[in-house]
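Welcome! Here is a friendly briefing for anyone opening this structure for the first time. Please have a look at the sequence and the model, then read on.

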Amino acid sequence: MWEPFALTLKLAVVTVVLLLILATPLAWWLSQTKRRWKPVLESLVGLPLVLPPTVLGFYLLLLLGPKGWIGSFWVDWTGESLTFSFTGLVLASLVYSLPFAVQPLQSSFEALGSTHYLVARSLGAKPLKAFLKVVCPMSLRGFVTAGVLCFAHTLGEFGVVLMVGGNIPGKTRVLSIAIYDHVESFEYHQAHMLSIVLLVVSFLMLMTIYATNRNIGRFR
Amino acid sequence: MTLKAQFRIKYPRFQLDVRIDLDEGQTLGIWGPSGSGKTSILRVLAGFNLPFGGEISFRRLPWLSTEQKVNLVPEKRQIGYMLQDPFLFSNYDVKGNLLFGQRQRENHNHISFDEVVEALDLVSILDRHPRDLSGGEKQRVSMGRAILSQPDLLLLDEPFASLDPVRRQHLVEFIYDLPMSKVIVSHDPYEIETLTSETLTLQGQTTHQQHTEQAWQNLYEEGDAFSLHNLIVEEVDPGDELCRAREGSTSFLLPLGQRRIGDRVQVKFRARDISIGLHPIKDSSILNCIPVQVEDVVEARPGMVLVRMSMEPIPALNKGRDRFLYAHITRRSRRTLNLQPGDRVHAFIKGMAILTQTKQKQQTEVLQ
């Protein structure tokens, strides 16, 4: 019964780690650039926020499927299909949760402004060092928010997973799908158990954000 | 020349042509009214902003050349730049902030940590966090951080602005004794006079560099003293071709030509065009009668004194001190009026020169 729980946790952790690595440079670039096509990129990043998960899942299914661009390449390379696999699920989660990582980071970089970064460089720090030693620590609030939001968002995803990952126990059967299954087969007790865990965890996560932000606020 | 710079800065409403020639170990003071572009010059020198066009070289190394598409990044310019706001790193304590630059440039340590900490009186706050510092303390930490990065060129933007007078005097001496070349932005003529060997005055759209001594001699003795003001047009009287224009809380009634409300105009009031009275006058051709406070009186040419007066401060910006008017009056008038520092008097403005305007090309004209 707890197998979906462990799988979901694994998916969320992997997604958060990868997303923070991918989203940080993207968010920094977006916060600094003055290029005209910045809104285009911002809209692309924000798309998963407004798109129905089934639409997103449908296109991801086409893209990641054995005949899709990425999927066919993956099959050639590893001999395995991306769809209905854990790796495919991670890729889908990355896309699905991208705005939840990029947007808090971008707004905290924008709130900090570029002057601290430039001052660090004027003191002799190379760009990467100035970014890692000054910008990132000073934008800690953005990282906490991004991490927690991505984590919680990945925990609860349903539509995209169903389209891309299906419902394979131990491989792609995540919490929300397991709950749906239990309800479908009138196993209300099991559904309850899983749901309450998800509810408590989500609440605790949100509380972490608000409490940390308050503390960091005091810390500034 | 160690520092050689020639560039153009463009703003939405005006542009500024800058020209700097500085010898090794010398100090350049940049002086001009608020909003005239002093900070922009430092930002360009530091590599924070790209000017519209021009060249900068330091010890023959090109820092910037728009023609050759050279733009040296800030970390390679060997500068220490203290901005007007402290911009401390809140993830380090005071010591961490001070050492940040030194850690990046470990190769040469001319200035010792202890010496700077001592001079800036930071010993007792080394373990403190930037959030727990007062404005003056933050400013000193920011100054120390710039100096300890062991720069070849030190850029200071209003370095003594929020310090008390005793500490200010002490720090002025400390900065004076530092061996490297320096560029200092200040609105305080006395800081410029004590600290710098060269003065760059911002006049309208161009800069004018001269020996500080010369600049001050002109100011005091030759009757060339003047003050520069950025005014915003508030009212227009097309019939009399007069405008009411404001700087801070002080408003002037001036013949500024064809203007619209909201236009910005830079004007210059010469000391010889300003006279002083104890009371506002009526029944006179003089339109501008500005309440001021006498700051000091110095002997100028034979029989003449130069009176420095400050206008009402702008409370929100704490920018009253840089808004001076100068008046040349005879020694006898001074005695008759018994002018002393601190006296509240009225300055009567007879004429002015327009330096920059919003739309038309630069033009210097004297209007009575």
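Predicted model: local features only at pLDDT ≥ 70, side-chain atom pairs only at ≥ 80, totals over all residues.

Chain A has eleven helices and zero strands, while chain B has eight helices and 22 strands. Between the two chains, about 2,000 Å² of area is buried.

**Chain A**

- Reading from the N terminus, the elements of chain A run α-α-α-α-α-α-α-α-α-α-α.
- The C-alpha trace of chain A spans about 65 × 40 × 30 Å along its principal axes.
- Chain A has 220 residues, and 46% of them are buried.
- If you take the contacts in chain A between residues at least 6 apart in sequence, 69% join residues at least 24 apart.

**Chain B**

- Chain B has 368 residues, of which 55% are buried.
- Among the contacts in chain B with a separation of 6 or more, 66% are between residues 24 or more positions apart.
- Glu118(B) counts as exposed because its relative accessibility is 60%, over the 50% cut-off.

**Where the chains meet**

- At the interface, 23 residues of chain B are in contact with 20 residues of chain A.
- Carbon and sulfur atoms give 64% of the area buried between chain B and chain A.
- One salt bridge is found across this interface: Glu75(B) pairs with Arg121(A), and their closest N and O atoms are 2.8 Å apart.
- Three residue pairs are in polar contact between chain B and chain A, counting pairs with both residues at pLDDT 80 or more.
- On the side of chain B that touches chain A, the elements giving two or more residues are strand 7 (79-82), helix 2 (94-104) and helix 4 (135-148).
- Helix 2 of chain B gives the most to that side, with three residues.
- Sorted by class, the side of chain B that touches chain A has twelve nonpolar, six polar and five charged residues.

**Nonpolar cores**

- The largest nonpolar core has 83 residues, and the members that touch the most others are Ile41(B), Leu45(B) and Val183(B).
- Helix 5 (residues 86-112) of chain A provides the largest share of this core, with ten residues.
- Leaving aside residues up to four places away in sequence, Ile41(B) touches Phe7(B), Ile9(B), Leu16(B), Val18(B), Ile20(B), Ile30(B), Leu200(B) and Leu202(B).
- Another core of 32 residues lies apart from the largest one, and its members include Val116(B), Ala119(B), Ile125(B) and Met143(B).

**Salt bridges**

- Side chains of opposite charge can pair when their charged atoms come close.
- Over all chains, a search of the whole structure finds 14 salt bridges.
- Within chain A, Glu110(A) forms a salt bridge with Lys38(A), with the closest N and O atoms 3.8 Å apart.
- That pair links distant parts of chain A, with Glu110(A) in helix 5 and Lys38(A) in helix 2 (residues 38-50), 72 residues apart.
- Within chain B, Asp121(B) forms a salt bridge with Arg167(B), and here the closest N and O atoms are 2.5 Å apart.
- This pair also links distant parts of its chain: Asp121(B) is in the loop between helix 3 (113-119) and helix 4 of chain B, Arg167(B) is in helix 5 (residues 165-177) of chain B, and they are 46 residues apart.
- Asp121(B) counts as partly exposed at 38% relative accessibility, and Arg167(B) is partly exposed with a relative accessible area of 24%.
- Glu235(B) forms a salt bridge with Arg244(B), the closest N and O atoms lying 4.0 Å apart.
- Glu235(B) is partly exposed, with a relative accessible area of 48%, and Arg244(B) counts as partly exposed at 27% relative accessibility.
- Lys4(B), Arg19(B) and Asp21(B) are joined into one network by salt bridges that share partners.

Notes: Residues numbered from 1 in each chain as written. Chains lettered and ligands numbered in written order. Heavy atoms only, no water. Contact = heavy atoms within 4.5 Å. Buried area = accessible area lost by both parts, 1.4 Å probe. Salt bridge = Lys/Arg side-chain N within 4 Å of Asp/Glu carboxyl O. Polar contact = N/O pair within 3.5 Å; in protein donor to acceptor, adjacent residues only side chain to side chain. Helix = DSSP H or I, 4+ residues; strand = E, 2+ residues; numbered from the N terminus. Nonpolar A, V, L, I, M, F, W, Y, C, P; charged D, E, K, R; others polar. Core = buried A, V, L, I, M, F, W, Y, C linked by side-chain atoms within 4.5 Å. Buried < 20%, exposed > 50% of the residue type's maximum accessible area, 1.4 Å probe, protein only.
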